[in-house]
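Here's a quick tour of a structure that may be new to you. Have a look at the sequence and the model, then read on for the main points.

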Amino acid sequence: MANGRLMQGNEAVGWGALNAGCDGFFGYPITPQNEVPEWFAREFPSRGKVFVQSPSETAAIMMLYGGAGAGFRVMTSTSSPGWGLMQEGMSHLAAAELPCVIVLVQRGGPGQGSIRHAQMDYRCVTRTGGGGGYRNIVLAPASVQEVHDLVQLAFHLADKYRNPVVVLSDGILGLIGETVDLKPLDFGPLPDKDWAVRGRDRQKDVVRRYVHSCPSTAPPPCGYPDYVSWLEHTGHKYQAIEDSEIRYEAYESEDADLLLVAYGYASRVSKEAIMAARAEGIRVGLVRPITLWPFPFQVLRDKAGRGCSFLVVEDSLGQMVEDVRTAAGGEAPVHFLGLLSRHLPTDGGMILPDRVYEEIRRLV
Amino acid sequence: MNGRSVNKIRVGALQRTLTMIPPGCPGCQHLTIGRIIGEVLEDLDIDGKAIAVTGIGDHSTIGVLNVDTIQGSHGGATDMATAIKRLLPDTPVYTVQGDGDCLAIGAGSFLGALSRGELITIILCNNGNYGSTGGQLAPTTPMGQKTPTTPQGRSAASGGYPIGAAELAATFRGVAYSARGALLDPRGYQRTKGMVRKAFQKQIAAAGLSFVEILSACPANWHLSPVESLKWIEEQMIPEFPLGEFKNVERAG
């Protein structure tokens, strides 16, 4: 690991963005992601890049609208209450088909909730919170290295599909320290952003560009003739993403009778429990969705068809478990180990490997 | 500015910026504001590199000028302009916003941009109501004015008092220029155009944020004729929103 460097997950967001050629960061402090804007404030201006501390998360997401509309690689980061404030902007970004990256370091909710870790935003992130039935691409890292790598992938997918991409971290991933290989990743060529505003006479064709989020009353983006044609196009785009961008990690899953399904920090905990169970000859494995939307329904459906049962480990009252139930389609039992199994009843409680192991033993 | 006189009065059709006829109600002065912006951009020869940001509301019809334009959410225009200007510091960036867009839902963003002294130009179209939704109470509705949400007339008890945006902007250290104009006659037109020109010149000189509020007739929602609307501005709005320059400094700070 030539470029190996010890850092927190929140700092890895910055290094990943730098390696992705991010031009600007716009954000508002909120725990537990404060290290992210602080990293950009420290590292971006000296490199000739833009950092602005926005007056709110509502403003931050609109700054992304402006920066993305001008064709730049821009991003923000926030935690759960701030994510709520960004939802109108997310809907506008989806309507204007603007590529950008939002890092969400989850904390406990609802409301002010807690300032500690949790996995309670799955539903609002994968289902989207603004009006209009759009889609967010959602990537879920499980290590500091993966935070760094998936931020880079996020920028690529955002540009490829002209769509906002969310990197869903959490309070534990954000704050743990791990060694990271700071390697820029190449995902291949991307189309020119010839739709971006940059000044009429700077356009190759010297024709005015008009970027907007009102596809019903203005000419819709991408040259579609009317509102419904454009909506149809977005449907096709979302289908194309579902068809080709599903990512997941399968661990010890080949011969597993019981398959754990977990993302983020809960997947790390699950792996430890699986190792302990495997040492005793229990055939248990893990499917870790890396894309939460699009969700790897088919791989779970196939496992269900082969007689696998599922245990979802998720630090919430049960959100991703709904998608796993959908995938299982009633053909396989879906068990759930959630927030009520934390080792402490406070916001500092975690689902620990021992508890997951205990549940595996109970189920097999 | 390419050796062209910026004081030259242009009365003919705009050559580059007004290539489409914007939609609008009879007597709506937002379209006149659009024309002023187009004339100034052409005079300063910056229409080809400028980027316009419009909010949401009836003022957004000004977004049809032949200038690269981005239309955002209701209230987010100053945030969008902030990002664009920071990323493209050599590009003239301006917002066109309504009173609701800038001073109600976008007030936080507006104050943020003023306090940071963003090197942008904000053009506020003040027609004292929410034009595109039926003329409801705006932050700039004059006291006593009847609107669909102040059926008895605006009272302090229920609707508070109008915001004087040009006076407010002038109090910010990051602001280099703040003025208010009205379009009651050709003289007012030229005076207002001079304010808009100065505002863009301040931006070009990176002097600080520049702000121009323009009183704008809304005959359709005021239920007045265009001529009566001008009288309304003179008698009801100007006493609340006096015209003139409230700040004009070489460099903000």
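In strand S9 (244-248) of chain B, B:Gly244 is the bridge partner of B:Arg180. Strand S7 (residues 175-182) of chain B and S9(B) run antiparallel and are joined by four bridges. Before going further, note that this is a predicted model, where local features need pLDDT of at least 70, side-chain atom pairs count only at pLDDT 80 or more, and totals for chains, interfaces and linings use all residues. Residues are numbered from 1 along each chain as its sequence is written, while chains are lettered from A and ligands numbered from 1 in the order in which they are written.

- S7(B) and S9(B) belong to an open sheet of eight strands, with mixed pairing and the order S9(A)-S2(B)-S1(B)-S3(B)-S4(B)-S8(B)-S7(B)-S9(B).
- Two strands count as paired if DSSP finds at least two bridges between them, and the strands themselves are DSSP runs (E, at least two residues; helices are H or I, at least four), numbered from the N terminus.
- S9 of chain A and S9 of chain B stand at the edges with a single partner strand each, so one side of each has no neighbour in the sheet.
- S9(A) runs parallel to strand S2 (residues 68-71) of chain B, and two bridges join them.
- A:Tyr210 has B:Thr69 in S2(B) as its bridge partner.

**Where chain A meets chain B**

- Across the interface, 33 residues of chain A are in contact with 27 residues of chain B (contact means C-beta atoms, placed from the backbone, within 7 Å).
- On the chain A side, strand S2 (24-27), strand S3 (50-53), helix H3 (57-69), helix H5 (87-96) and strand S9 (210-211) give two or more residues each.
- H3(A) gives the largest share of that side, with seven residues.
- By class, the chain A side has 15 nonpolar, 10 polar and eight charged residues (nonpolar: Ala, Val, Leu, Ile, Met, Phe, Trp, Tyr, Cys and Pro; charged: Asp, Glu, Lys and Arg; polar: the others, Gly among them).

**The two domains of chain A**

- Chain A splits into domain 1 (4-181) and domain 2 (249-363), with bounds from an automatic or database domain assignment.
- Their C-alpha centres lie 26 Å apart.
- The contact between them takes 21 residues from domain 1 and 19 residues from domain 2.
- On the domain 1 side, helix H6 (122-127), strand S6 (137-139), strand S7 (164-170) and helix H8 (171-175) of chain A each supply at least two residues.
- That domain 1 side has 11 nonpolar, six polar and four charged residues.

**A five-stranded sheet in chain A**

- This open sheet has the order S10-S12-S11-S14-S15, with mixed pairing.
- Strand S10 (248-251) and strand S15 (334-337) are at its edges, each with a single partner strand, so one side of each is left without a neighbour in the sheet.
- Strand S11 (residues 258-261) and strand S12 (residues 284-289) run parallel, joined by four bridges.
- A:Val261 stands opposite A:Val287 in S12(A).

**A helix pair in chain A**

- Helix H1 (residues 9-19) and helix H7 (residues 144-161) of chain A pack at about 35 degrees, with axes 7 Å apart (axes are lines fitted to C-alpha atoms, for helices over the stretch in contact, and angles run from 0 to 180 degrees between N-to-C directions).
- Residues that meet here include A:Trp15 and A:Gly16 in H1(A), and A:Val147 and A:His148 in H7(A).
- By class, this contact has seven nonpolar, five polar and one charged residues.

Note on methods
Two residues are in contact if their C-beta atoms, placed from the backbone, lie within 7 Å.
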